[in-house]
Amino acid sequence: MRRNSKQIVSEIILIVSLSVMVALIYNHFSDKGISIIRKEIKNTGVPDSALFAPAESKIVTANARTSDTAAPENIKVIAPLHAQALRNQDSMAQLYKNKKGPVYNIITLQQLSRLLSERRGYLIDARNKDDYQKGHIKGAHNIPALEAEKYFGHFVSVPRDTLVIIYCNNDECHLAHTLADLLMQFEFKKIYIYGRGWDGWIEAKMPVDTAAEKD
Amino acid sequence: MIRRRKKTDSMRKFLSSRYLLFVSRFIVGIVFVVASVDKIAFPELFAVNVQAYGIVPLYLVNIVALILPWLELTTGLFLIAGVYVRSSSVIISFALGIFIVSIIVALFRGLKIDCGCFGHAHNTPIGWWRVCEDILLVLLNVHIYYCDPQEDKIRK
């Protein structure tokens, strides 16, 4: 009996070692391979001032102060650094700058719908083809993150300073982040992720489009 | 007394039948092979599933997502082929135990997450039905472990 359990333990060690070895070798050579240690994803919110012109978002910068926007003398200014904070809009990104890995800019539903109503940005649905065909945000281009290499042609004609918005299923979905990584490598400068994704869009009962994408 | 013994013997004979054992091995084996394929093809998506349970520390998520599917594939194939049967069934039972605990914990925590059981190709939310399926697979493994002819050879 003891001999039997010894044999089973040695067989288990053999099977586990074999699996670990094959897994690591396959992962090394696979184009869908992932890093051994998972990195923490750093998300940061995007202030309206970073997306919309100051005049539209009714933000007063330090330089734009006029006599009617300046605080009256009898009112105590409680946030004197406000103008400075506005100049450093992405302060979370500043916090992260010394740490490794990219920081992703997350936009809200309100910001997304405003951008869409102003017809700004290149909207990308990073989910797979089937999900896209079942329903997507109107005007979204389907670039499945897991097959992004097949869609190089889509990026060639897009200027690198275009405002790109990516979404996938929800906050837990990594497809948008995966595609954002690729677009960062292509040197796109303004990449934003709609964090709540398709689930958030549906929950908010926003209009859905089921039309297939024109090639 | 003799009749009861006879009954137990015939039951044992039935459970140890070569064909019945092959059916059990084949069912467990094929379930594990099918479950592994999509996870191996898309490790990132499986890593997301693993992370969503919130049980595995972040630095271990990718390691689990990389190794577990290959372990499922290897043990599944071994079971179908009839090689290292008992050790494969031990590994599979251990994995199933972890799956059951993870799903129950997630259910009690009220998480509405994808099970990740068969990878991205078969999206299925977690639920008690999944737990029942896993328990059924554990029972099949118990059958394989105790009635495998290798065990009899060693006892004799």
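In the predicted model, helix H8 of chain A, spanning residues 175-185, carries five named buried positions: A:Leu175, A:Ala176, A:Leu179, A:Ala180 and A:Leu183. They lie on the same side of H8(A), because the arc they cover around the axis is only 130°. An α-helix has 3.6 residues a turn, so residues three or four places apart point the same way. The packing partners of the buried H8(A) residues are strands of chain A. These are S2 (103-107), S3 (122-125), S5 (163-167) and S6 (190-194). Just beyond H8(A), A:Glu187 adopts a positive phi of about 65°.

Chain B is built from helices. It has seven of them and zero strands. Read from the N terminus, its elements follow the order α-α-α-α-α-α-α. The chain comprises 156 residues, of which 35% are buried. Contacts in chain B with a separation of 6 or more were also examined by sequence distance. Of these, 70% join residues 24 or more positions apart.

The two chains touch. Chain A gives 24 residues to the contact, and chain B gives 25 residues. On the side of chain A that touches chain B, helix H1 (residues 2-29) of chain A supplies the largest share, with 12 residues. By class, this side of chain A holds 13 nonpolar residues, six polar residues and five charged residues.

Key: Residues numbered from 1 in each chain as written. Chains lettered and ligands numbered in written order. Predicted model: local features only at pLDDT ≥ 70, side-chain atom pairs only at ≥ 80, totals over all residues. Contact = placed C-beta atoms within 7 Å. Helix = DSSP H or I, 4+ residues; strand = E, 2+ residues; numbered from the N terminus. Nonpolar A, V, L, I, M, F, W, Y, C, P; charged D, E, K, R; others polar. Buried ≥ 20, exposed ≤ 12 C-beta atoms within 10 Å, placed from the backbone. Arc of directions from axis to C-beta.
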